[in-house]
Amino acid sequence: MNLILFGPPAAGKGTQAKRLVAERGYVQLSTGDMLRAARAGGSELGNRVAAIMDSGSLVSDEIVIALIEEALAANPKAGGFIFDGFPRTVAQAEALDAMLTRHGTKIDRVIRLEVDSQKLIDRVAKRFAEEGRKDDNPESFKVRLKAYTDQTAPLLPYYEKQGKLIGVDGMAEVESVARAIAGTIDAR
Ligand code: ADP
């Protein structure tokens, strides 16, 4: 079972992905986490993406596609992958389909967390005050939301056409969202 958790920044994709890892043993592939790890490790790649990430813009397709390619190759025995924060552009989605085909597999479901963007702005303002993540500052968060609308939302028709898109209410409590996601995974 390979899933994409889809939705705007701060919709709760990471939280839900981590539960699926704990409960079902899937492997979470989060390009955001990979990029933050590269930065924390002080690698050349990490240094190259730092300013772009802090501004809220997307890093290049080439970089994130290469990260996913490496992660797929590093986990040949995974029972399933959860893609979280990837793909974010149509070019990334096309590259992902091609990579999975090469590995003899495919995306089974795209679970869209449906959220209210005004409430997201409030959620992130609170997270910024508590955790101080640089790209959660109100200016960068606006850029992230705009990147979602302009570059990522066009993926919805891409997956709709493939018959893979399933909507879940992302404003419900974490537990109910998890239950709704489990229901869509277990439904055939
Ligand atoms: P969010 O909380 O916005 O979902 P992520 O942790 O997924 O955050 O991503 C943080 C930042 O990392 C993004 O704003 C972007 O700069 C970069 N990034 C992560 N994934 C991608 C991707 N698939 N394509 C381009 N940039 C990405």
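Me: Which residues is Arg-144 in contact with, leaving aside its neighbours within four places in sequence?

Reply: Contact here means heavy atoms within 4.5 Å. By that rule Arg-144 is in contact with Pro-9, Gly-56, Arg-127, Arg-133, Asp-135 and Asp-136, once neighbours within four places in sequence are left aside. Before we go on, a word on the basis: this is a predicted model, where local features need pLDDT of at least 70 and side-chain atom pairs count only at pLDDT 80 or more, while totals for chains, interfaces and linings use all residues. Residues are numbered from 1 along each chain as its sequence is written, and side-chain values use heavy atoms, with hydrogens and water left out.

Me: Where does Arg-144 lie, and is it buried or exposed?

Reply: Helices (H or I, at least four residues) and strands (E, at least two) are DSSP runs, numbered from the N terminus. Arg-144 lies in helix H7, residues 138-152. For burial, the scale is relative accessible area: buried is under 20%, exposed over 50%, and partly exposed in between, with a 1.4 Å probe and protein chains only. Arg-144 counts as buried because its relative accessibility is 9%.

Me: Which residues come nearest to the ligand?

Reply: A residue is near a molecule or strand if one of its heavy atoms lies within 4 Å of it. There are 20 residues around the ligand, and Thr-31, Arg-36, Ser-57, Gln-92 and Arg-144 come nearest. So our buried arginine, Arg-144, is part of that list because its relative accessibility of 9% counts protein chains only as cover, and it is among the nearest to the ligand.

Me: Which residues of the largest nonpolar core touch the most other members?

Reply: A nonpolar core is a set of buried Ala, Val, Leu, Ile, Met, Phe, Trp, Tyr and Cys residues joined through side-chain atoms within 4.5 Å. The largest one has 30 residues, and Ile-4, Leu-29, Leu-35, Ile-68, Leu-72, Phe-83 and Leu-96 touch the most other members. At least two residues each come from strands S1 (3-6) and S3 (81-84) and from helices H2 (31-40), H3 (44-55), H4 (61-74), H5 (90-102) and H8 (155-161). H4 gives the most, with 7 residues. Taking Leu-35 up close, it touches Val-49, Met-53, Val-59, Ile-63, Val-64 and Leu-67, not counting residues up to four places away in sequence. Apart from this core lies another, of 13 residues, including Leu-5, Ala-11, Ile-181 and Ile-185.

Me: How many aromatic pairs are there?

Reply: Rings of Phe, Tyr and Trp (its six-membered ring) pair if their centres lie within 6.5 Å; planes under 30 degrees apart count as stacked, over 60 as edge-to-face and the rest as tilted. The count comes to 3 aromatic pairs. One of them joins Tyr-158 and Tyr-159, edge-to-face, at 5.0 Å centre to centre with 90 degrees between the planes. Both tyrosines, Tyr-158 and Tyr-159, are buried.

Me: What should I look for in the backbone?

Reply: Most residues other than glycine have a negative phi, and most peptide bonds are trans. The bond from Phe-86 to Pro-87 is cis, with omega near -5 degrees, and Pro-87 lies in the loop between S3 and H5. Ala-10 has a positive phi, near 70 degrees. Its place is the loop between S1 and helix H1 (13-24), and Ala-10 is buried, at 15% relative accessible area.
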